[in-house]
Amino acid sequence: MEKKTKVTNEIKKVKKSKENETTEIKVVEEKPKDVKLLIENLTKNFVESNGLAVDNVSFSVFDGEFLSILGPSGCGKTTILRMLIGLIEPTSGKIYKNGKDITSLRISQRGMGIVFQNYALFENMTVLGNVEYALKIKKPKKTEREKTYNPIKLIKFMLEDRKKHNENTREQAMTLLKKMHLEQFADKKPVDLSGGQQQRVAIARTLALHPDIILFDEPMSALDVATRLELCAEIKRVQKEFKTTIIYITHDQEEAFTISDRIMVMSVAKIAQIGTPEEILSHPENDYVKSFVCDNLTNKINTLKNFVEIANGKK
Amino acid sequence: MEKNNESSNEKLSVERKIRFPKTKTRGIYFEIFLGAVLLTFVVIPLITLLCKIDGESFKTVFTGGMFAKALGNSVLTTLISTIISVTLAYGLAWAISRTNIKFKALFSILLVLPMLIPSISHGMGLIILFGNNGLFTFTGTSHLYGYIGIILGSILYSFPVAFLMFVDILKYEDSTTYDAADVLGISKPRQFMCITLPYMRKALISIFFTVFTLIITDYGVPLAVGGKVKTLPVLLYENAVGQLDYSAGALIGIFLLVPAVVAFLIDLFNKDRAKSTFTTREFKPKKNKSKEAGAYIICLLTSAFVLLVIISFCLQAFSTSYPTNMAFTLEHFKNTFHKNGLTYLYNSVIMSLFTAFIGMVVSFATAYCTARLKTKMSKILHIISIISLSIPGLVLGLSYIIMFKSSALYGTLVILILVNVVHFFASPYQMLYNALFKMNENLESVGKVLGVCRFRVITDCIIPGCKDTLIEAFSYFFVNSMITISAVSFLATRNNKPLSLMINQFEAFNMLECAAVVAILILAVNILMKFIFYSIRNKDKIIYFVKSRGKKNVNKKTV
């Protein structure tokens with residue numbers, strides 16, 4: 001009897017401690033997050049093609065979050081991304097970053113980076129050249145020096161500044177390449193690299209300007225399965241290491257559900273549902289989400305199960 | 001909150017705001033400007049030409065039956081020449097890309113040599129070889145002058161163009177279809193009928209019309225070896241240059257415009273020529289002795305004939321009095337230089353260099369706008385740009401002289417440069433358009449995100465990215481300006497005459513030796529320039545080759 005009561009007491013203790021843990025976790029989750037990006041009633045109407053690509057879309061992205069925008073081709077995912085970074089002008093709506101309206105701000109002043117599906121690397125430059133290009137092109141900082149009106153001295157100072165600037169940028173670019181495990185390819189041209197490596201160079205180039213938000217436009221569409229997995233892990237690592245917020249566009253359900261903190265499912269030009277992967281899987285808000293996300297995923301899982309059973313000789 | 005908003009608004013006013021509409025319209029303004037320039041120099045001269053035609057010109061041209069005869073001669077000689085030229089070119093392209101023969105590179109160079117000399121010099125070469133005092137005229141009387149001469153000269157002048165087009169198309173054909181046909185036991189003739197011909201159909205039509213237009217609009221060969229057989233371009237040349245009857249010339253020009261416009265329209269609607277979107281496997285020719293023997297015969301015979309024409313120039317130019325006194329002399333060179341040959345050579349080189357540079361810049365700027373800006377104006381600009389492809393040089397030259405005769409430009413090198421840029425604009429434009437269109441579409445977007453202005457993206461990434469095509473465009477403008485005798489023949493005066501037109505002059509006075517000297521000079525300049533372009537394009541390969549040679553020599557010495 002004593003033994004039994006001891007055991008029950010221990011079980012009660014464990015339960016209590018577990019309850020405490022869960023309550024603690026809940027407290028952490030319920031803490032209000034900083035809104036990094038706030039999108040209000042964003043609309044894009046392409047007059048030439050006579051189509052509403054994005055229709056009155058509003059959502060927010062939290063600081064340090066990994067948000068995936070998931071939807072079929074032509075649903076307006078890329079248009080949203082291009083409006084966020086400033087490559088397309090919205091027909092109406094506002095974009096706020098850290099509470100500041102950036103809708104009409106220049107692209108380079110938005111503090112965002114973008115990685116394209118087809119890498120968009122500068123083919124004539126080396127890997128190092130690609131990464132350091134944006135840094136190199138900026139005006140070098142003036143070092144403290146004697147005041148002079150002698151043009152030869154001035155040119156000499158300017159050249160010295162440029163040299164120092166170039167050395168600094170090279171160093172920065174090399175550090176980035178090391179962080180992306182690409183240092184051995186520094187002198188190679190993009191053509192000599194594999195698809196995955198090229199995409200990592202594109203990420204390194206984006207990181208060179210220290211953006212606090214990185215946008216990924218279907219970065220893995222052109223890659224094979226093994227490379228996709230590798231790159232997925234790489235992007236997650238980059239997010240943690242550089243403490244960036246990521247908005248990731250994909251039409252692949254598995255990809256979105258494996259790496260995202262939250263997913264925004266899109267139907268044609270509109271948001272169908274936004275939530276954590278668990279929420280979307282367990283509580284799809286409408287038939288569209290159910291068929292596009294849940295049914296597709298369960299089908300894939302069933303097919304995989306069938307394969308496994310066939311492989312094990314059960315069927 | 002309101003205070004916060006105000007302060008953030010103040011900050012925003014300091015930051016530079018994006019101006020979406022302006023960046024877009026800036027591109028459109030540039031395109032409108034380019035379109036207006038092209039319209040001024042392509043379409044307006046043509047309209048001026050049309051306005052020149054009057055009732056009198058109809059009388060002059062259509063009475064006497066001269067026109068009908070010339071039209072008949074033109075159609076007949078052009079049809080026969082085109083069929084032979086296209087067949088020969090296909091045979092040569094097949095030999096180069098589908099067999100295992102040796103010296104392919106050498107054959108490829110020799111076979112395109114005729115493209116480096118003016119068309120009239122081909123006729124002249126034939127006269128030296130098969131004319132009344134020709135090297136191969138044993139009976140004393142020559143049958144060259146007339147239809148045979150025109151057809152032979154036209155083939156010689158046009159087959160390299162068709163050859164290059166066929167080589168390009170055969171390069172992209174998929175070999176797996178033929179492997180499958182072999183496995184199914186389908187005979188080679190049936191494979192040709194069922195696989196090759198359907199694959200090549202559209203390309204074949206395009207090549208046929210290109211060659212047809214090239215031959216029917218050329219006056220160089222018929223002028224040299226036509227004898228009493230006159231073709232439409234010769235009639236136009238005689239009317240406009242000989243009798244200064246521009247309105248009659250304009251009317252004949254309209255007839256020359258017809259096949260060119262048909263060819264242009266076919267090319268426009270025939271975009272997906274034979275190039276398949278993906279090549280699953282390239283052709284690796286198997287060893288086949290009979291095939292290779294056939295390939296050697298066709299390549300050797302054609303190359304020999306091409307070389308023979310060039311050797312004939314050398315014989316004529318370097319022998320004292322061909323064919324009676326074959327002693328070596330430089331007298332004909334002296335004679336040519338004495339007749340302002342050097343000045344005209346200088347004119348030609350300067351004109352070609354400027355044409356090449358301006359042409360390359362304008363065609364790049366236009367191609368960049370149409371391929372990468374993609375505004376509302378882009379399609380219109382694209383159409384205007386390729387219209388010049390359909391205007392024969394003779395017609396363009398005639399329209400320019402009507403339009404600019406009384407302007408300050410007439411008689412200067414500027415007008416020749418202008419007419420050459422317009423005349424040869426379309427092909428380099430299309431080359432550059434394709435190259436720029438194939439480039440990654442997001443390069444400019446990346447530039448914007450990285451804070452790099454469009455101009456820097458163009459100079460740092462786009463231009464180095466299409467460097468080879470730019471060199472090719474420069475080379476195309478240069479070589480064609482050196483050899484052209486069509487448009488410039490109307491606009492050249494004593495002050496601005498290019499070297500190529502001296503051949504006409506010498507040919508008219510039966511000074512074949514000096515004409516041969518001019519042909520050799522043009523060929524030498526073009527070969528030299530081609531070599532320079534090749535060296536620039538393959539700089540890395542050459543450096544690697546020289547270095548590896550150096551290493552080998554060092555190794556040999558140490559051994």
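Visitor: Which residue in β2(A) stands opposite L42(A)?

Guide: In this predicted model, the residue that stands opposite L42(A) is V57(A) in β2(A).

Visitor: What makes strand β1 and strand β2 of chain A a pair?

Guide: The requirement is at least two bridges between the strands. Strand β1 (residues 35–46) and strand β2 (residues 51–62) of chain A have 8 bridges, in the antiparallel sense.

Visitor: How many bridges join β1(A) to strand β4 of chain A, and in which sense do they run?

Guide: There are 5 bridges between β1(A) and strand β4 (residues 92–97) of chain A, and these strands run antiparallel. One position can be located by L38(A), which has Y96(A) of β4(A) opposite.

Visitor: How do you know that strand β8 of chain A is mostly covered?

Guide: A residue counts as buried if 20 or more other C-beta atoms lie within 10 Å of its own. In strand β8 (residues 245–250) of chain A, 6 of the 6 residues are buried. T245(A), I247(A) and I249(A) point one way from β8(A), while I246(A), Y248(A) and T250(A) point the other way, and all of them are buried.

Visitor: What pairs with β8(A)?

Guide: Strand β3 (residues 66–70) of chain A is joined to β8(A) by 5 bridges and runs parallel. Here L70(A) stands opposite T250(A). Strand β7 (residues 213–217) of chain A also pairs with β8(A) in the parallel sense, over 5 bridges. In that pairing D217(A) has I249(A) as its bridge partner.

Visitor: Why is the unit of β7(A), helix α6 and β8(A) called right-handed?

Guide: The term applies if the path from the first strand over the helix to the second runs clockwise, with the strands pointing away from the viewer. The unit made by β7(A), helix α6 (residues 225–242) of chain A and β8(A) is a right-handed β-α-β unit, so its path runs clockwise in that view.

Visitor: Which strands make the open sheet of 6 strands in chain A, and in what order?

Guide: The order is β6-β7-β8-β3-β9-β10 in chain A, and the pairing is mixed.

Visitor: What makes β6 and β10 of chain A the edge strands?

Guide: Each of them, β6 (112–115) and β10 of chain A, pairs on one side only. From one strand to the next, the twist averages 20°.

Visitor: Why are α22(B) and α25(B) called roughly antiparallel?

Guide: Angles over 145 degrees count as roughly antiparallel. Helix α22 (residues 467–483) and helix α25 (residues 512–537) of chain B have axes that come within 10 Å and cross at roughly 175°. That angle is over the cut-off, and the two helices are therefore roughly antiparallel to each other. The residues in contact include I471(B) and F478(B) of α22(B) and M529(B) and F533(B) of α25(B). By class, this contact has 10 nonpolar, 2 polar and 3 charged residues.

Visitor: Why does H382(B) count as buried?

Guide: The threshold is 20 or more C-beta neighbours within 10 Å. H382(B) has 20 of them inside that distance and therefore counts as buried. H382(B) is found in helix α16 (residues 378–387) of chain B. Its C-alpha atom is separated by 7.9 Å from that of A367(B), 15 residues apart along the chain.

Visitor: How many residues does the contact take from chain B and from chain A?

Guide: The contact takes 21 residues from chain B and 24 residues from chain A. On the side of chain B that touches chain A, the elements giving two or more residues are α1 (2–14), α20 (443–450) and α21 (454–465) of chain B. Of these, α20(B) gives the most, with 6 residues. This side of chain B has 10 nonpolar, 6 polar and 5 charged residues.

How values were computed:
Residues numbered from 1 in each chain as written. Chains lettered and ligands numbered in written order. Predicted model: local features only at pLDDT ≥ 70, side-chain atom pairs only at ≥ 80, totals over all residues. Contact = placed C-beta atoms within 7 Å. Helix = DSSP H or I, 4+ residues; strand = E, 2+ residues; numbered from the N terminus. Nonpolar A, V, L, I, M, F, W, Y, C, P; charged D, E, K, R; others polar. Buried ≥ 20, exposed ≤ 12 C-beta atoms within 10 Å, placed from the backbone. Axes fitted to C-alpha atoms, helices over the stretch in contact; angles between N-to-C directions. Parallel < 35°, antiparallel > 145°, perpendicular 65-115°, else oblique.
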